[in-house]
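Please find below a colleague's note on the model shown here.

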Amino acid sequence: MSKSVVVRYRVRPDAADENAQLVKEVYAALAEVAPPDFRYATYRLADGVTFVHIATHGEQNPLTTLPAFAEFQRDLAQRCVELPAPSDATIVGAYE
């Protein structure tokens, strides 16, 4: 059974590019391990400082085992002006 999570947060303007780079490093790590049954997307909204992450995974979320994800999370609270707000989600429809 898959679980989907949507996380939205807002960073300081001076931290937005750093945050985007840390996200890219997470994707590079994911490309190396290629976890099965895992879908992940990150969006930087038009305001340039709001990020939305959408993950769908099985029993285990592979992000929790990645050093790059731990590095992304390490100073996230200091980069944020609006802390991450995770929400479980149910897929109503998807096109791939």
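**Notes on the predicted model**

1. The sheet is open and consists of four strands in the order β2-β3-β1-β4, with antiparallel pairing; strands and helices here are DSSP runs, numbered from the N terminus (E, at least two residues, for strands; H or I, at least four residues, for helices), and two strands pair if DSSP finds at least two bridges between them. The edges are formed by β2 (39-44) and β4 (80-89), each of which pairs on one side only. From one strand to the next the twist averages 10 degrees, where axes are lines fitted to C-alpha atoms, for helices over the stretch in contact, and angles between N-to-C directions run from 0 to 180 degrees.

2. Some conventions apply throughout. This is a predicted model, in which local features need pLDDT of at least 70 and side-chain atom pairs count only at pLDDT 80 or more, whereas totals for chains, interfaces and linings use all residues. Residues are numbered from 1 along each chain as its sequence is written, and side-chain values use heavy atoms, with hydrogens and water left out.

3. Strand β2 is joined to β3 (residues 50-57) by six bridges, and the two run antiparallel. Within this pairing, Tyr-40 has Ala-55 in β3 as its bridge partner, while Ala-41 stands opposite Ile-54 in β3. The hairpin of β2 and β3 has five residues between the strands, and in it Gly-48 takes a positive phi near 80 degrees.

4. Which residues make up the nonpolar patch on the surface? The patch is formed by Tyr-43, Leu-45 and Ile-54, which together have about 250 Å² of accessible area. Patches are built from residues with over 30% relative accessible area and no salt bridge, like charges being joined within 9 Å and nonpolar side chains (Val, Leu, Ile, Met, Phe, Trp, Tyr) within 5 Å; the areas come from the Shrake-Rupley method with a 1.4 Å probe, and for residues only the protein chains shown count as cover. Tyr-43 lies in strand β2 and counts as partly exposed at 45% relative accessibility, given that buried means under 20% relative accessible area, exposed over 50%, and partly exposed in between (1.4 Å probe, protein chains only).

5. Helix α1 (residues 16-33) lies across β1 (3-11), β2 and β3, and runs at about 165 degrees to β2. A side-chain link also connects α1 with β2: Arg-44 in the strand and Asp-17 in the helix, 27 residues apart, pair up across distant parts of the chain. Their side chains meet in a salt bridge with an N to O distance of 3.1 Å, the criterion being a side-chain nitrogen of Lys or Arg within 4 Å of a carboxyl oxygen of Asp or Glu. Arg-44 is partly exposed, at 38% relative accessible area, whereas Asp-17 counts as exposed at 57%.

6. The structure holds seven salt bridges. Among them, Arg-74 pairs with Glu-71, the closest N and O atoms being 2.7 Å apart, and both residues lie in helix α2 (residues 67-74), three residues apart, or about one turn of the helix. The side chain of Arg-74 also meets that of Asp-75 in a salt bridge (3.5 Å, N to O). Arg-74 counts as exposed at 54% relative accessibility, whereas Glu-71 is partly exposed at 34%, and Asp-75 is partly exposed at 33%. Elsewhere, a network of salt bridges links Arg-8, Arg-10 and Glu-82.

7. Most residues other than glycine have a negative phi. Ala-34, however, has a positive phi near 40 degrees, and Asp-37 has a positive phi of about 55 degrees although it is not a glycine. Ala-34 counts as exposed at 52% relative accessibility, and Asp-37 counts as exposed at 68%.

Technical notes:
Contact = heavy atoms within 4.5 Å.
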